[in-house]
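Here is a friendly walk through one protein model, with the sequence and coordinates at hand. Keep your viewer open as you read.

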Amino acid sequence: MSSASLNVEIRRIRELAPGIREFSLSRTDGEDFPVYSGGSHIVLSLPLGDRPHRNPYSLLGDPTVRDTWRVAVRKQEESRGGSRWLHEQAREGMRIDISAPVNLFPLIRTGRRHILVAGGIGITPILSQARELARLGADFEVHYAYRGPEFGVFSNELEALAPGRVHHYVQSRREQIEFGSLLAGRPLGTHFYICGPAGMVAASMNAGKSLGWPESHLHSEQFLAPTGGEPFDVKLALSGKAFTVPSDLSLLEAIEQQGVDAPYLCRGGACGQCELEVLGAEGELIHHDLYLSADERASGKKIMPCVSRLKGGCLTLNL
């Protein structure tokens with residue numbers, strides 16, 4: 001998939017907390033949305049200037065509700081424009097394009113027990129997973145960490161889904177999740193899911209591995225926002241295109257701007273779908289993704305254009 005497929009109207013905007021907005025979307029053709037699975041995300045195409053700006057956001061509503069999809073967006077102060085547009089310019093009644101849902105963070109339905117952990121805005125995929133598990137009658141618990149009481153924006157919905165099984169950790173009260181204790185002594189067949197800041201995810205993964213959890217039972221999701229950087233030149237060997245990637249565009253966005261169809265799924269450096277072969281690099285490859293191994297990065301033969309770029313002269317790609 002490399003293009004938006006659905007046109008939607010922003011039906012409702014809710015201010016959830018300072019810097020956090022929720023958007024309710026409906027199809028403009030009056031049709032129902034497809035059913036999705038808990039943990040899925042969509043890509044919003046936002047009209048920034050003379051080019052669309054595509055950002056991934058997790059669906060947080062009930063996966064079986066087909067007339068409305070919901071996403072929540074935290075305003076990123078270091079944003080290149082996407083979250084800022086959604087907070088400062090988006091209005092109810094506006095129309096935008098979105099992609100079909102993709103799930104890179106699925107539940108393991110054969111699991112005997114499920115531990116869901118969210119940090120901040122990472123609650124969004126966890127919330128749709130909790131809804132799915134509640135509907136299935138599965139054994140699960142939720143651990144929800146946030147900065148202050150006003151940022152626990154989905155606490156009431158979680159409590160309604162899983163009364164007595166939601167645990168809150170408020171940073172301003174010096175409360176934090178101790179992953180060693182949380183993951184110790186769990187029965188075989190338990191699966192762990194986390195979405196949150198990178199440090200929090202890394203701490204949980206390290207704790208799980210040190211306690212002997214199989215990697216197949218540790219699940220995480222992180223989307224990285226592309227960062228700007230120095231402009232650099234690109235040559236596309238197959239299409240014959242040559243252009244400069246400006247400081248405020250990702251390499252993927254610059255390729256798309258040239259009319260070249262490049263594959264993608266998450267646009268956040270996690271899925272590997274947009275991987276491109278590097279034929280030559282006059283400069284240093286700056287990898288920001290979560291997908292390539294250390295050996296693959298060291299080889300200088302691959303790049304994830306959604307988040308990574310070149311520092312230096314010219315990058316030649318097999319595209």
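Which side chain does Glu256 meet in a salt bridge? The partner is Arg54, with N and O 2.9 Å apart.

## How to read the model

This is a predicted model, so local features need pLDDT of at least 70 and side-chain atom pairs count only at pLDDT 80 or more, while totals for chains, interfaces and linings use all residues. Residues are numbered from 1 along each chain as its sequence is written, and side-chain values use heavy atoms, with hydrogens and water left out.

## Salt bridges

A salt bridge here is a side-chain nitrogen of Lys or Arg within 4 Å of a carboxyl oxygen of Asp or Glu. By this rule the count comes to 17. Back to the opening pair: Glu256 sits in helix 6 (residues 251-257) and Arg54 in strand 4 (residues 51-58), so their bridge ties together parts that are 202 residues apart in sequence. Helices (H or I, at least four residues) and strands (E, at least two) are DSSP runs, numbered from the N terminus. Both Glu256 and Arg54 are buried; buried means under 20% relative accessible area, exposed over 50%, and partly exposed in between (1.4 Å probe, protein chains only).

A second pair is Arg109 and Glu132, whose closest N and O atoms are 2.8 Å apart. Arg109 belongs to the loop between strand 6 (95-98) and strand 7, and Glu132 to helix 2 (residues 123-136), so this bridge joins parts 23 residues apart in sequence. Arg109 counts as exposed at 54% relative accessibility, whereas Glu132 counts as buried at 3%. Asp289 and Arg297 also pair up, at 3.7 Å from N to O. Asp289 is buried, at 3% relative accessibility, and Arg297 is partly exposed, at 29%. Elsewhere, salt bridges with shared partners link Arg14, Glu22, Arg70, Arg131 and Glu157 into one network.

Helix 5 (residues 198-210) has 13 residues, and its end C-alpha atoms are 18 Å apart, in agreement with the 18 Å it should span at 1.5 Å a residue. That expected span is 1.5 Å times one less than the number of residues.

Which residues of helix 5 are buried? They are Met200, Val201, Ser204, Met205, Ala207 and Gly208. These cover an arc of only 160 degrees around the axis, which puts them on the same side of helix 5; the arc is taken from the directions from the helix axis to the C-beta atoms. The face turned away from that buried side carries the exposed residues Gly199, Asn206 and Ser210. The buried residues of helix 5 pack against strand 7 (113-119), strand 8 (140-146), helix 4 (179-183), strand 10 (190-195) and strand 11 (218-221). Just after helix 5, Gly212 takes a positive phi of about 90 degrees.

Glu9 is found in strand 1 (residues 6-17). Is Glu9 buried or exposed? With a relative accessible area of 18%, Glu9 is buried. Leaving aside neighbours within four places in sequence, Glu9 is in contact (heavy atoms within 4.5 Å) with Ser24, Leu25, Ser26, Thr28, Gly93, Met94 and Arg95.
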